[in-house]
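Hi there,

Here is the structure I promised to pass on to you. Have a look at it first, and my notes follow below.

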Amino acid sequence: MTAPTKPPHRTPAHPDAEVSPADLHAPVIDWFEENARDLPWRRPEAGAWGVMVSEFMLQQTPVSRVLPVYEQWLARWPRPADLAADAPGEAVRAWGRLGYPRRALRLHGAAVAITERHGGDVPSDHAQLLALPGIGEYTAAAVASFAYGRRHAVLDTNVRRVFARAVTGVRYPPNATTAAERKLARALLPEDEPTAARWAAASMELGALVCTAKNETCVRCPIAAQCAWRLAGKPEHEGPPRRGQTYAGTDRQVRGKLLAVLREAHAPVPQDALDRVWHEPVQRARALDGLVADGLVEPLPDGLYRLPLT
DNA sequence: AAAACGTGGGA
DNA sequence: TTCCCAAGTTT
């Protein structure tokens, strides 16, 4: 009486056919159900604003350092309008030592834009998200996918590494995201919207917990049997070494020291207090000028400085 | 399109 | 101690 049932979609059409992209979805998503970390921005009560705040903070910054700042941030500014109503300098101060403090300024700017243009609600549309300060291709896709369950290729450093290994068969992805990677990510994206969203979170988590940059643990990997890189004998990375960023002695380090002083101070700081953070006057002045130009520091008459009030 | 942009923890 | 790396964006 029943019509012949379709074979499960995971069954290869031909016995020796290559592993199809869809063969990765179920194992990775199942693994995610069992192993996903209980992170605050993944809880339902986080909402889209919580997801968005976490994504800003997680740009180039480890989860462990984000956790405490995230909690304080959401407690103080539970909605975009709350942050928008406060001074940008307060955002920079609350950012603490997360690094790249321009992110704090941009998050504040995004909150203002959301309040003005979107009635205080984080938009779910990728293009509208992309138009907000501090949101690029990755963050727009991440917020749309994680907060709203939309179908987007979410291509961060973790996912890029998982794809590089599992599909392309190399240890590391290229230095910068390529068109080929975007194409692959789109091809691998499940058709079904909720499944696509699960896949995005799951493939990212796999890269973060198992398929890590160093000391990957293939024994815990749900797709080890299909991993092109492992199957090829885990060949070493070819090509130019990925350039490391120097830090000591750079303007960045000086900016960091200057801003640390301003963060701790709750009244305008005189020039000579800032002068003490760095011996070399030319570089010191350049760093301070840069901070002012970036809007991270506000100069006042009489050689006083503070975090920006507007 | 290369380079700037912070910070701290682990190997 | 030094090096590498961590859910990128902007110019």
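Arg 160 counts as buried, since its relative accessibility is 9% (buried means under 20% relative accessible area, exposed over 50%, and partly exposed in between, with a 1.4 Å probe and protein chains only). Its salt-bridge partner is Glu 181, with the closest N and O atoms 2.8 Å apart; a salt bridge here is a side-chain nitrogen of Lys or Arg within 4 Å of a carboxyl oxygen of Asp or Glu. Arg 160 sits in helix H9 (residues 157-168) and Glu 181 in helix H10 (residues 179-188), so this pair ties together parts that are 21 residues apart in sequence. Glu 181 is buried as well, at 11% relative accessibility.

Before going further, a word on the ground rules. This is a predicted model, in which local features need pLDDT of at least 70 and side-chain atom pairs count only at pLDDT 80 or more, while totals for chains, interfaces and linings use all residues. Residues are numbered from 1 along each chain as its sequence is written, chains are lettered from A and ligands numbered from 1 in the order in which they are written, and side-chain values use heavy atoms, with hydrogens and water left out.

Back to the charged pairs. Side chains of opposite charge can pair when their charged atoms come close. By the rule above, the count comes to 21 salt bridges. One of them joins Glu 205 to Arg 37, where the closest N and O atoms are 2.7 Å apart. Glu 205 belongs to helix H11 (residues 193-209) and Arg 37 to the loop between helix H1 (22-35) and helix H2 (47-58), so the pair ties together parts 168 residues apart in sequence. Glu 205 is buried, with a relative accessible area of 1%, whereas Arg 37 is partly exposed at 28%.

Another salt bridge runs between Glu 236 and Arg 171, with 3.7 Å between the closest N and O atoms. This pair links distant parts of the chain, 65 residues apart: Glu 236 is in the loop between helix H12 (228-231) and helix H13 (251-264), and Arg 171 is in the loop between H9 and H10. Glu 236 counts as exposed at 57% relative accessibility, while Arg 171 counts as buried at 11%. There is also a network, in which salt bridges that share partners join Arg 76, Asp 86, Glu 90 and Arg 93.

What does Val 143 touch, leaving aside its neighbours within four places in sequence? Val 143 is in contact (heavy atoms within 4.5 Å) with Val 51, Met 52, Glu 55, Val 122, Leu 129 and Tyr 148. Val 143 lies in helix H8 (residues 137-148) and counts as buried, at 0% relative accessibility.

Now for chain A as a whole. Its secondary structure comes to 15 helices and three strands, taken as DSSP runs numbered from the N terminus (helices are H or I, at least four residues; strands are E, at least two). The C-alpha atoms fill a box of roughly 85 × 45 × 30 Å along the principal axes. Of the 310 residues of chain A, 41% count as buried. Among contacts between residues at least 6 apart in sequence, 62% join residues at least 24 apart.

I hope this is a handy start, and happy browsing!
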